[in-house]
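Visitor: I would like to learn how to read a structure of this kind. Please take the features one at a time.

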Amino acid sequence: MHLSLSRLRYLYEVAQCGSMRAASDKMNVAPSSVSRQIATLEDELGVEVLERGRGTAKLTQAGEMVVNYYREDLTRKEALDSHLNDLRGLRRGTVTISMGEGYVSDLLSDAIQAYMERYPEIQLDVQVSGTKQVLSMVEEDEAHIGMVFDCPPSPKISVQSAYRQPLKAVMSPDNRLAHKKAISLKELSECNCALPAKNFRIREVLDQAALREKVNLAPALTSNSLLIMKNLAMTETGATVLPDIAILRELKTSQLVSIPLDSSSLSGTSAEIVTRLGRLLPVAAREFLKYLQSYFNNELA
């Protein structure tokens, strides 16, 4: 069986974009050309790759297999090119990192800066998203490396490193609860609390614990901005819930304090660096992964 990689790309872009028209816009070709290429691909394979009669493009089982084959081919070519460049003494390319906002800290900035100084020809593309989007980007090879909090189980994800990061109550040193050695979820519920949006993994874990303990956590403020949550926590009556990795600067300058939560399910959470299971990372991404692990081992292990 002969497979045309150029034809496979048409199906791949339709799957990524959600429709033939959107794929044609991205590829700058006529929609009829996309339709014709996919029809030819189906003739060559002897099976349908797209379900017909739908408003949006949906792959058949065969279509999913073909797209996965094409995606694997792209990653193998990327890795081969990277390793050949490495043998030639060249260090080029782009490393894409997808992470939750909780990772945006001085610790990560230091790791990025050190890497950029050593490899000035390599570009870093950093995307900040919710946990589900981070994992999706890693699984679909849209990101080389993902950084997530308390990664939910996934058969396509490989955890490269995990660092224990319990969720803690975060507040100003002037808060009336700041002297306590531990704070219950009930006490936290009585604070002027800022919590992440429900699509954040931190919020999912926190809500599960509150449900088990029959505590109603009704935040005064919900936000997808770490800065906004930290600003509210700096007031005398405010508080939020974060791991220490998200507030390293504020802890060092005593702008905020973090106090353990009296909940066993919130003490075992971790910050994790992940890749797609089975993916051979290009040299540049592999080197960046080593830098991350080195910095995090020194600061968090």
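Predicted model: local features only at pLDDT ≥ 70, side-chain atom pairs only at ≥ 80, totals over all residues.

Visitor: Which domains does the assignment give for the protein chain?

Guide: Domain bounds come from an automatic or database domain assignment. Here domain 1 covers 5-69, domain 2 is made of 91-164 + 270-300, and domain 3 covers 167-266. Taken over C-alpha atoms, the centres of domain 1 and domain 3 are 46 Å apart.

Visitor: How many residues does the largest nonpolar core have?

Guide: In soluble globular proteins, nonpolar side chains tend to be buried together. A nonpolar core is a set of buried Ala, Val, Leu, Ile, Met, Phe, Trp, Tyr and Cys residues joined through side-chain atoms within 4.5 Å. Buried means under 20% relative accessible area, exposed means over 50%, and partly exposed lies in between (1.4 Å probe, protein chains only). The largest such core has 33 residues, and Leu-185, Leu-188, Leu-242 and Leu-266 have the most contacts inside it. Elements giving two or more residues to this core include β5 (168-171), β6 (192-196) and α8 (201-212). Of the elements, α8 gives the most, with five residues. Helices (H or I, at least four residues) and strands (E, at least two) are DSSP runs, numbered from the N terminus.

Visitor: What is Leu-242 in contact with?

Guide: Contact means heavy atoms within 4.5 Å. Leaving aside neighbours within four places in sequence, the partners of Leu-242 include Pro-166, Val-170, Ile-202, Met-229 and Ile-247. There is also a second, separate core of 28 residues, with Ala-271, Ile-273, Ala-284 and Tyr-291 among them.

Visitor: How many salt bridges are there?

Guide: A salt bridge is a side-chain nitrogen of Lys or Arg within 4 Å of a carboxyl oxygen of Asp or Glu. The count comes to 18 salt bridges. In one of them Arg-7 pairs with Glu-44, the closest N and O atoms being 2.7 Å apart. Arg-7 is in helix α1 (residues 5-17) and Glu-44 in helix α3 (residues 31-45), 37 residues apart. Arg-7 is buried, at 16% relative accessible area, whereas Glu-44 is partly exposed, at 29%.

Visitor: Where do Asp-141 and Arg-279 lie?

Guide: These two form a salt bridge, with 3.5 Å between the closest N and O atoms of Asp-141 and Arg-279. Asp-141 lies in the loop between α6 (131-139) and β3 (145-149) and Arg-279 in the loop between β10 and α11 (283-300), so the pair ties together parts 138 residues apart in sequence. Asp-141 is buried, at 15%, and Arg-279 is buried, at 11% relative accessibility.

Visitor: Which side chain of opposite charge is nearest to Glu-272?

Guide: Lys and Arg count as positive and Asp and Glu as negative; His and the chain ends are not counted. Glu-272, in strand β10 (residues 270-276), is buried yet has no salt bridge, and Arg-201 is the nearest side chain of opposite charge, 7.5 Å away. Not counting residues up to four places away in sequence, Glu-272 touches several residues, including Tyr-103, Met-147, Asp-150 and Ser-161.

Key. Residues numbered from 1 in each chain as written. Heavy atoms only, no water.
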